Amino acid sequence: MTITFAKKLEQIPGYVAGAPAGKSPESIAGEGIAQLASNESPFGPHPAVVEAISRAAAASNRYPDPSGGLLRRRIAERYEVDPSNVALSNGSCEILLAAALALCEPGAELVYAWPSFSIYPYIAPLSGAREIRVPLADGDVHDLDAMTAEITAATQLVIVCNPNNPTSTHIPAAKIAEFCERVPDHVTVIVDEAYIEFQVDDDPDATLDLRKDFPNLVLLRTFSKVYGLAGLRVGYAICSPRFRAAVDAVRQPFSVNAIAQAAAAEAIRHGDDVAKRVEQTIVERVRVEEGVRGLGLRTPDSQANFSWIDLGDADEKEVVAKLGEQGILVRAGTPLGGPGHIRVSYGLPNENERFLEALGKLV
Ligand SMILES: *Cc1c(COP(=O)(O)O)cnc(C)c1O
């Protein structure tokens with residue numbers, strides 16, 4: 001006899017990392033590799049955040065605050081909500097997986113767009129829910145009408161990734177409001193706003209106002225992108241106290257470690273730094289979009305810190321491999337649901353120049 005594992009494991013897609021396995025982030029940076037595959041910030045954390053990390057590190061003999069009190073208070077102040085409306089998590093991905101366990105039982109239905117974030121396909125096999133993937137509409141944007149049409153009495157969860165990873169497109173808050181109007185009350189709507197700070201359609205806090213009218217709306221945000229803290233794993237949801245209690249119930253009590261809590265609690269105080277990062281990102285967005293279009297390739301108008309590039313006649317595998325040989329790491333489109341594409345994150349100006357020059361020789 002040999003051990004057998006749960007059948008659901010066969011359906012879990014598995015995560016393909018954007019960085020080479022077995023290497024630390026510092027060593028990769030030291031090798032002059034342009035890491036443009038994981039939508040990370042090319043900028044390190046704010047110096048005050050690094051100091052907060054050192055202070056917290058010295059107290060690592062103690063367990064963290066299980067309620068994440070200080071961080072939840074700071075997030076609540078920043079968004080003018082009550083701390084009972086803030087759920088913390090070990091990266092925002094953890095809330096997605098916890099929502100699966102807390103909301104979905106076998107037979108439940110889950111609706112999300114495709115191509116979209118590579119973690120959503122974990123939810124159905126983990127929970128036994130049935131997933132309905134709704135293809136993006138023309139222009140690589142969410143088709144909210146088609147998603148509404150898939151909602152039934154069995155639907156427990158709908159996820160809207162906004163801006164959408166991997167296509168970089170954004171739906172204005174007014175459209176999200178119209179969508180929420182049409183979603184019945186028994187359905188939880190998670191709007192995954194990992195990149196919301198980078199869009200320029202709306203005030204980045206516009207969707208927060210919608211929570212007054214739609215208590216079933218969960219806004220999922222992260223410290224991994226604009227705050228430059230991907231390595232520490234901190235995410236959060238602005239949600240109802242009931243949603244928070246439910247996702248807390250299905251996870252281990254200390255999921256956000258003390259260093260991560262301290263870092264995020266400091267980072268959120270530096271709104272001016274966030275604004276500066278967004279400005280720098282927009283400069284790089286213009287550079288990459290103009291460069292890519294100058295090569296005759298198509299790319300949707302990005303509202304994020306990355307571009308989704310249609311390679312036309314060029315071979316996706318070959319482009320990704322040849323860029324990789326030159327130390328430029330980008331994401332292949334096929335595993336993300338978009339054959340014939342690549343997704344490239346914006347790095348530092350010289351990294352983006354290197355990318356454009358190398359791409360120009362390959363297409
Ligand atoms: C990067 C990303 C996240 C953030 O994940 P963390 O677990 O917070 O690092 C969430 N959603 C989307 C769509 C992302 O691309």
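Strand 7 (217-222) and strand 8 (residues 235-238) run antiparallel and are joined by four bridges. Within this pairing, leucine 219 has isoleucine 238 of strand 8 standing opposite. The model described here is a predicted one.

Both strands belong to an open sheet of seven strands, arranged in the order 2-8-7-6-5-3-4. The pairing in this sheet is mixed. Its edges are formed by strand 2 (86-89) and strand 4 (130-135). Each of these edge strands has a single partner strand, so one side of each is left without a neighbour in the sheet. On average, and with direction ignored, neighbouring strands of the sheet are turned by 20° against each other.

Helices pack on this sheet. Helix 3 (residues 69-79) touches strand 2, strand 7 and strand 8. The direction of helix 3 makes about 130° with that of strand 2. Helix 7 also packs on the sheet, where it is in touch with strand 5 (155-161), strand 6 (188-192) and strand 7. The direction of helix 7 makes an angle of about 170° with that of strand 5.

A further open sheet consists of three strands in the order 9-12-11, and its pairing is antiparallel. Strand 9 (306-310) and strand 11 (331-332) stand at the edges of this sheet. Because each has a single partner strand, one side of strand 9 and one side of strand 11 are left without a neighbour in the sheet. Strand 9 is joined by five bridges to strand 12 (residues 341-345), and the two run antiparallel. Isoleucine 309 is placed opposite isoleucine 342, a residue of strand 12. Helix 11 (residues 316-325) packs on the three-stranded sheet and touches strand 11 and strand 12. Its direction makes about 30° with that of strand 12.

The second largest pocket holds about 420 Å³ of space. Its lining is made up of 20 residues, and those nearest the centre are Asp185, Thr188, Asn216, Ser240 and Arg242. Two or more lining residues are given by each of helix 4 (92-103), helix 7 (173-182), strand 7 and helix 8 (241-249). The largest share, three residues, comes from helix 8. By class, the lining of this pocket comprises 11 nonpolar, five polar and four charged residues. Three cavities of 30 Å³ or more are present in the structure. The largest cavity contains about 110 Å³ of space. It is lined by 14 residues, of which Pro42, Phe43, Phe198, Thr281 and Tyr346 lie nearest the centre. Sorted by class, the lining of the largest cavity has five nonpolar, five polar and four charged residues.

Charged side chains were also examined for pairing. Side chains of opposite charge can pair when their charged atoms come close. Across the whole structure, 19 salt bridges are found. One of these salt bridges links the side chains of arginine 277 and aspartate 273, with 3.0 Å from N to O. Both residues lie in helix 10 (residues 271-294). Because arginine 277 and aspartate 273 are four residues apart in this helix, about one helical turn separates them.

Notes
Residues numbered from 1 in each chain as written. Predicted model: local features only at pLDDT ≥ 70, side-chain atom pairs only at ≥ 80, totals over all residues. Heavy atoms only, no water. Pairing = 2+ DSSP bridges. Contact = heavy atoms within 4.5 Å. Axes fitted to C-alpha atoms, helices over the stretch in contact; angles between N-to-C directions. 1 Å grid on protein atoms, 1.4 Å probe; cavity = no way out; pocket = protein on both sides within 12 Å on 5 of 7 lines; lining within 4 Å. Points joined across faces, edges and corners; volume = space filled by probe spheres on them. Nonpolar A, V, L, I, M, F, W, Y, C, P; charged D, E, K, R; others polar. Salt bridge = Lys/Arg side-chain N within 4 Å of Asp/Glu carboxyl O.
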